Amino acid sequence: MEKQHKGFAIFLRKSSPENKEKAEKKPFVPYDKRNEITPLVLFLSIVPQGQEEYIQKLLFQHHANIFFRMRAEGTAHEILSDVLATTNNAKRIIASLIKRDTFQAIKDPIANKFATSPYSAGIALTIPVSSLYGVSAYKILTDKRTLNSEAQKEVIPMNENEYEAIYAIVNDGFSDLVMAAARDAGARGGTIVHARGTGNPDAQKFFGIVVTPEKEMVLIVVKKDIRDQVLAAIGKECGLQTKGQGICFSLPVESVIGLAAQNDSPEEESEEEPAESL
């Protein structure tokens, strides 16, 4: 086809059915095979009530876009309580998924804060993340500000272990849906923890997310061979793009006590009711 335009001849080639078919058959390559993956860790800090704001500001300054706060209770020694003239052992747990190198940048300021006085003393640690569900969730957590239309429903592997502890952090009221999806994928049981979520205002504006304060965190321990199915099932029902606004990831489990053996063949299963996982 030829089209005349101000003295120039423009040739337009119609796409043939053969070309369309070739484009449609382009093989799918997982995100982690196409991109260099930034390792993630679960950052946990336990501090006295009232000291969590410092940790929050420090995380935001280093581009940690989402974190969660949970209430806890300490077990301070009686002598320490007498010295401080207080019996209030209220604690706060701050949890955030951050880049591994971010912890290297914030550990010294945190240590200095803890050393200021007994009132600000706490602990902080990191646990490596073995996999994460959703490319969009990965980009938000790593603050990668180049969004495109690539496939979002992927499990991004980062480590491998025999057992995995799957965490699903969702809006309040969605934990039952998480457990239903997990059981359909082969998981047995879970533990629910109530928490509050906070998002970095800058990240919320850029990525178009709104972090609802009331959260539920579901912990499920599964064998490695069903990890991806469980993560995908939870992500499909309660992922970041759903009303549950869930972030699903897994952590390595070095050893497990109290889980019933998960046999592959029904003939080998015991007649007794199997114990549920955490």
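This is a predicted model: local features need pLDDT of at least 70, side-chain atom pairs count only at pLDDT 80 or more; totals for chains, interfaces and linings use all residues.
**View 1. Aromatic pairs, starting with F43 and F103.** The ring-pairing rule gives a count of 3 aromatic pairs here. In one of them, the ring centres of F43 and F103 are 6.1 Å apart, and with the planes at 50° the pair comes out as tilted. F43 belongs to strand β3 and F103 to helix α5 (residues 100-114), so this pair ties together parts that sit 60 residues apart in sequence.

**View 2. The F60 and F67 pair, edge-to-face.** Here the ring centres lie 5.8 Å apart. The planes meet at 70°, and because the cut-off for edge-to-face is over 60 degrees, F60 and F67 get that label. F60 is buried, and F67 is too.

**View 3. K113 over the ring of Y54.** Look for the charged end of K113, which sits over the Y54 ring. The distance from that charged end to the ring centre is 5.1 Å.

**View 4. The largest nonpolar core.** This core holds 31 residues. Those with the most contacts inside it are I66, L97, L132, Y167, I247 and F249. Several elements give two or more residues to the core, among them β3, β4 (66-73), β5 (90-99), β9 (163-171), β11 (214-223) and β12 (247-253). Helix α6 (135-141) is on that list as well, and the largest share, 5 residues, comes from α6.

**View 5. A nonpolar patch on the surface.** Now for the outside: I46, I123 and L125 make up this patch. Together they have about 230 Å² of accessible area. I46 sits in strand β3 (residues 40-48), and its relative accessibility is 33%, so I46 counts as partly exposed.

View 6. Most residues other than glycine have a negative phi. H63 is found in the loop between α3 (52-61) and β4, and at 44% relative accessibility it counts as partly exposed.

Methods:
Residues are numbered from 1 along each chain as its sequence is written. Side-chain values use heavy atoms; hydrogens and water are left out. Patches are made of residues with over 30% relative accessible area and no salt bridge: like charges are joined within 9 Å, nonpolar side chains (Val, Leu, Ile, Met, Phe, Trp, Tyr) within 5 Å. Accessible areas come from the Shrake-Rupley method with a 1.4 Å probe; for residues, only the protein chains shown count as cover. A salt bridge is a side-chain nitrogen of Lys or Arg within 4 Å of a carboxyl oxygen of Asp or Glu. Helices (H or I, at least four residues) and strands (E, at least two) are DSSP runs, numbered from the N terminus. Buried means under 20% relative accessible area, exposed over 50%, partly exposed in between (1.4 Å probe, protein chains only). Rings of Phe, Tyr and Trp (its six-membered ring) pair if their centres lie within 6.5 Å; planes under 30 degrees apart count as stacked, over 60 as edge-to-face and the rest as tilted. A charge sits over a ring if NZ of Lys or CZ of Arg is within 6 Å of the ring centre and within 35 degrees of the ring normal. A nonpolar core is a set of buried Ala, Val, Leu, Ile, Met, Phe, Trp, Tyr and Cys residues joined through side-chain atoms within 4.5 Å.
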